Amino acid sequence: MSQAIAFLWPAFLVSICLVGIHAYFGIQVIARKVIFVDLALAQIAALGATVAFMLGHPAQSPATYAYSLAFTLLASVLLAFTRAWATRLPQEALIGVIYVVAAAVSILLIDRAPQGAEHLKQILTGNILFAGIGELYPIVPLYAAVGLLHFLLRGRLTGSGSFGWEFLFFATFGLVVTSSVAIAGVLLVFSFLIVPAAIGVIFARSLAIQLAIGWAVGMLTSAVGLAASFAFDLPTGAAMVCAFGGALALSGVLYTFLQRPRGTAWRVAITVGRWGAAAILAGSGLQLAVAPRADQPVLDGAAHVFPSLRMIYLTRAEQAVLTDASERAEHYRTEAERVNDLEKRSRSEGEALDDFTVARISSFLRSYGEMRSGELFVTTEVRGRARGRVRWAGSFALLALALLVAPAPWRWLWARARVWVCLFGLDKERS
């Protein structure tokens, strides 16, 4: 645990700085109703970095930053004009055009580059996991200066001012975005901007409380995203973006829950949960009937929690084969992790590995991976054959369970059915 915290701590500090400035700008762009201006400016900054990349400049060089900033300032001039154009056309439409054109030009430029795909991935998702304390030295004074400027000129920059004030707002915003995209990527910067600000706007009206909520949510969500990426070995930028999306969804549900009376809110939550569970069970039943050999998340999860459920559709011989293959697959996985840990420990302690040792480690990992894949294939095949035998009975059982879980008005339906039976009986007697 201590090693994980030491590894993730610098990236978390960088995330705090990004959340601090972007939550404020997010509230401003929400108030101006130009939600995607950050995405457009981030893509413009990425276009500048792409141009520098095509000209042979390293990704993190001052020249690349200068190209990104120059492109962003030019876009700020164009965005400052969109306030006047908005009398005939919404600003969001013009901002969307800027984003699409910038993305298309970037794709055209990197289409024939030898490492174009890697460069595009770097632009979109960034590399915040490996951001160190050194990244804080340039961005902290910059963000502090921009924040102080906006505080001193808050009466001018937060209103609908002239072209000069509009340009100053978008220019300072673009300066922040350019610095952020180089660290976190386009997608994560957009999440830092919109999600904490949106949550703050949902729950509060004053700017101070909106900022406090946005900062708290942003820091907590960043920590969750970083921890999840480390624990499950996921791409950090994408994991953090998904964490921010989940935070916004949970906030929307919580706000709806808080707005209703307590009893009504609980009833609505229980009803929604029952319908969701019924839909999952019904979908699993239909999937079992149509494709019994495919992955069955509901059945696999239930069997993992209650292993005795496997006895319903597995014979004793199949249970023995499945248990043996699962144990072997887990053994090969732990062995591969042990070899990986040995290599990481050697590199972290500064021990150089010769080519022969590296080749042996690669051979071991490849062999363990192939053997584990073989054992997993066996488990999949055994489960698939067993489920194929019980596909119809299992699917009907899941559908029946879904009907029981669904909050349907069974009493009313039963009463109506009895009425119809009685009426049918009377008609029969008369005839």
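**Group meeting: a helical chain and its contacts**

The accessible surface of this chain comes to about 25000 Å², and 68% of that belongs to carbon and sulfur atoms. Accessible areas here come from the Shrake-Rupley method with a 1.4 Å probe, and for residues only the protein chains shown count as cover. This is a predicted model, in which local features need pLDDT of at least 70 and side-chain atom pairs count only at pLDDT 80 or more, while totals for chains, interfaces and linings use all residues. Residues are numbered from 1 along each chain as its sequence is written, and side-chain values use heavy atoms, with hydrogens and water left out.

First, the overall picture. The secondary structure comes to 17 helices and 0 strands. Helices (H or I, at least four residues) and strands (E, at least two) are DSSP runs, numbered from the N terminus. The chain has 431 residues, of which 35% are buried. Buried means under 20% relative accessible area, exposed means over 50%, and partly exposed is in between, with a 1.4 Å probe and protein chains only. Contact means heavy atoms within 4.5 Å. Of the contacts in the chain with a separation of 6 or more, 76% are between residues 24 or more positions apart.

Now the core. A nonpolar core is a set of buried Ala, Val, Leu, Ile, Met, Phe, Trp, Tyr and Cys residues joined through side-chain atoms within 4.5 Å. The largest one has 58 residues, and those with the most contacts inside it are Phe25, Val29, Val37, Ile128, Phe173 and Phe192. Helix H1, residues 2–32, gives the largest share of this core, with 11 residues. Another core, of 6 residues, lies apart from it and includes Leu288 and Leu398.

What does Phe192 touch, not counting residues up to four places away in sequence? Among its contacts are Leu18, His22, Ile128, Ala184 and Ser222.

Take Ser222 next. Ser222 lies in helix H10, residues 207–232, and is buried, because its relative accessible area is 0%. Leaving aside neighbours within four places in sequence, Ser222 is in contact with Ser15, Val19, Phe192, Met240 and Phe244. A polar atom of the Ser222 side chain lies 2.7 Å from the backbone oxygen of Gly218.

On to the aromatic rings. Rings of Phe, Tyr and Trp (its six-membered ring) pair if their centres lie within 6.5 Å; planes under 30 degrees apart count as stacked, over 60 as edge-to-face and the rest as tilted. By this rule the count is 8 aromatic pairs. In one of them, the rings of Phe203 and Tyr255 have centres 5.8 Å apart and planes at 85 degrees, so the pair is edge-to-face. The pair links distant parts of the chain, since Phe203 is in helix H9 (residues 186–203) and Tyr255 in helix H11 (residues 236–259), 52 residues apart. Phe203 is partly exposed at 32% relative accessible area, and Tyr255 also counts as partly exposed, at 32%. Elsewhere, Tyr24, Phe25, Phe169, Phe170 and Phe173 form one aromatic cluster.

Ser251 touches Ile199 and Phe203, not counting residues up to four places away in sequence.

Last, Glu370. Glu370 sits in helix H15, residues 355–389, and counts as exposed, at 55% relative accessibility. Glu370 and Tyr332 are 38 residues apart in sequence and 9.3 Å apart in space, C-alpha to C-alpha.

Key. A polar contact is a pair of N or O atoms within 3.5 Å; within protein, one must be able to donate a hydrogen and the other to accept it, and residues adjacent in sequence count only if both atoms are side-chain atoms.
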